[in-house]
Amino acid sequence: MLVLRVARIFVRKDTKGYIWEPAGCWGKNPHNEHGGCFSKVVRIEAKFAIKLPESLPSEVASPLICGGGTTFEPVSDYVKTGTRVAIASIGGLGTAGIKFSKSFGGHVTALSRSEEKREKALGAGADEFFACLGNADAMAELTGKFDLIIDTSPANSDVASFMGMLKFDGTYCRVGIPPANDMDFTFSYIPLIFTKKKIAGSVVTGTRRMKQMLQLVTDELKDYGSDPKSWNAKVVSFEEVNDVMDDLLKGRNTNNWRYVFTWGTEGKKDSSMSQ
């Protein structure tokens with residue numbers, strides 16, 4: 001993707017802002033705390049451009065383009081009617097994973113670290129909820145329960161605990177990317193050999209499945225939800241980007257699992273959205 005023009009947006013008069021003029025394209029030479037920036041205008045090859053269905057609100061489509069596609073890919077690969085699916089870690093990715101797995105006919109269990117997200121997980125369509133993550137004994141109580149586990153956590157995990165929760169020939173699929181300094185894991189070959197269990201990874205879907213995903217959500221918009229709140233998303237203006245990023249960093253986003261930024265002043269929605 002080639003940036004045609006990087007938006008010149010000034011958020012705070014210091015070098016710790018999340019959007020800052022000298023950031024460079026995609027943060028090549030970062031001058032802010034996290035690097036990177038946002039662009040309002042981009043130029044890409046036409047074959048990679050995807051037209052949004054007319055009835056799909058931009059506020060819903062925007063998070064689907066990345067987070068939605070990340071979970072739609074493994075769901076498309078592994079889930080069919082009757083598949084026992086576990087979605088580990090319930091947030092933006094987890095919510096999409098629950099909704100897509102239900103559309104494909106799966107029986108969906110949401111896994112989290114505490115009871116805090118039970119109501120929202122069940123509200124998104126999960127059939128069951130267990131507050132077990134990080135607790136080896138609690139996870140062991142679910143031994144042999146799932147055909148597929150999609151792990152959306154951005155933190156490294158104890159793979160062995162998840163593998164024990166799988167049925168014979170089950171798959172543990174990782175989509176959440178851990179920090180660069182904590183990427184490694186180990187696991188014994190013996191359980192893989194004698195139980196045919198698999199460890200897999202998956203990244204955001206390509207254009208063909210992206211179109212399928214957007215059309216599916218559009219066709220079943222009543223079930224998926226046309227209001228961003230049904231996706232636990234909040235629409236804010238770019239002027240609030242630093243506050244939003246600070247909330248995410250400090251874990252204060254308990255009611256909002258996604259933020260959709262709008263260009264222009266607060267309350268004035270534009271067809272161009274960024275997640």
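Reader: Hi! What should I know about the model before we start?

Author: It is predicted, so local features need pLDDT of at least 70 and side-chain atom pairs count only at pLDDT 80 or more, while totals for chains, interfaces and linings use all residues. Residues are numbered from 1 along each chain as its sequence is written, and side-chain values use heavy atoms, without hydrogens and water.

Reader: Great. In what order do the six strands of the open sheet run?

Author: The order is β5-β4-β3-β6-β7-β8, with parallel pairing. Strands are DSSP runs of E, at least two residues, and helices are runs of H or I, at least four, numbered from the N terminus; two strands pair if DSSP finds at least two bridges between them.

Reader: And which strands stand at the edges?

Author: β5 (128-131) and β8 (198-201); each has a single partner strand, so one side of each lacks a neighbour in the sheet.

Reader: How many bridges join β3 to β4?

Author: Five, between residues 84-88 and 107-112. Arg 84 stands opposite His 107 in β4.

Reader: Switching topic: what lines the largest cavity?

Author: Glu 59, Val 60, Pro 63, Pro 228, Trp 231, Ala 233 and Arg 258. On a 1 Å grid over the protein atoms alone, a cavity is a set of points where a 1.4 Å probe fits but cannot get out, and lining residues have an atom within 4 Å of a point.

Reader: Which helix gives the largest share of that lining?

Author: Helix α1 (residues 58-78), with three residues.

Note on methods
1 Å grid on protein atoms, 1.4 Å probe; cavity = no way out; pocket = protein on both sides within 12 Å on 5 of 7 lines; lining within 4 Å.
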